[in-house]
Amino acid sequence: PTAKSLVGDVQSRVEALRAGNPDRHGPVPVDLVTASASGLDPHISPESAMLQVPRVARARGISEATVVTAVTQATEERQLGFLGEPRVNVLVLNTELDKLRQ
């Protein structure tokens, strides 16, 4: 976390995220500006998904309420009620959003 190149990468991602989501103000969820070790993690935090709702709704030509419902349905809770954190399965979410276009 002290590597200057890593800090620069994160700062660039924050700037890009803010540019792509101009309606959003406030803190940026950390999982949107950092990378997993493999880069293949199919999950994001519910906060990250909700931050992107306006942009996704505009891009897909659907209402924000519809996207929020899809995010809620794609959210997986803690395992056994206490292990891990709530997370949104992005593959499931995108599949559901694609079905709305048909």
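This is a predicted model: local features need pLDDT of at least 70, side-chain atom pairs count only at pLDDT 80 or more; totals for chains, interfaces and linings use all residues.
A pocket, as the word is used here, is an open set of grid points with protein on both sides within 12 Å along at least five of seven lines, and its lining residues have an atom within 4 Å of a point.

Select Asp-31, Thr-34, Asp-41, His-43 and Ile-44, which among the twelve lining residues lie nearest the centre of the largest pocket. The space in this pocket comes to about 250 Å³, and its lining is made up of five nonpolar, five polar and two charged residues.

Next, turn to the salt bridges, of which the count is four. Select Arg-60 and Asp-98, whose side chains meet in one of them, at 2.9 Å from N to O. Because Arg-60 belongs to helix α3 (residues 53–60) and Asp-98 to helix α5 (residues 90–100), this pair ties together parts that are 38 residues apart in sequence.

Then select Glu-76 and Arg-87, which form a salt bridge with their closest N and O atoms 3.5 Å apart. Glu-76 lies in strand β2 and Arg-87 in strand β3, so the pair links parts eleven residues apart in sequence. Glu-76 is partly exposed, at 28% relative accessibility, whereas Arg-87 is buried, at 19%.

Moving to helix α5, select Lys-99 and Glu-96, whose side chains meet in a salt bridge of 3.2 Å, N to O; being three residues apart in that helix, they are separated by about one helical turn.

Finally, select Leu-80, Phe-82 and Leu-83, a nonpolar surface patch with about 360 Å² of accessible area together. Leu-80 sits in the loop between β2 (75–76) and β3 (87–89), and is exposed, with a relative accessible area of 71%.

Terms used. Residues are numbered from 1 along each chain as its sequence is written. Side-chain values use heavy atoms; hydrogens and water are left out. Patches are made of residues with over 30% relative accessible area and no salt bridge: like charges are joined within 9 Å, nonpolar side chains (Val, Leu, Ile, Met, Phe, Trp, Tyr) within 5 Å. Accessible areas come from the Shrake-Rupley method with a 1.4 Å probe; for residues, only the protein chains shown count as cover. Helices (H or I, at least four residues) and strands (E, at least two) are DSSP runs, numbered from the N terminus. Buried means under 20% relative accessible area, exposed over 50%, partly exposed in between (1.4 Å probe, protein chains only). On a 1 Å grid over the protein atoms alone, a cavity is a set of points where a 1.4 Å probe fits but cannot get out, and a pocket is an open set with protein on both sides within 12 Å along at least five of seven lines; lining residues have an atom within 4 Å of a point. Grid points are joined across faces, edges and corners, and a volume is the space filled by probe spheres set on the points. Ala, Val, Leu, Ile, Met, Phe, Trp, Tyr, Cys and Pro count as nonpolar, Asp, Glu, Lys and Arg as charged, and the others, Gly among them, as polar.
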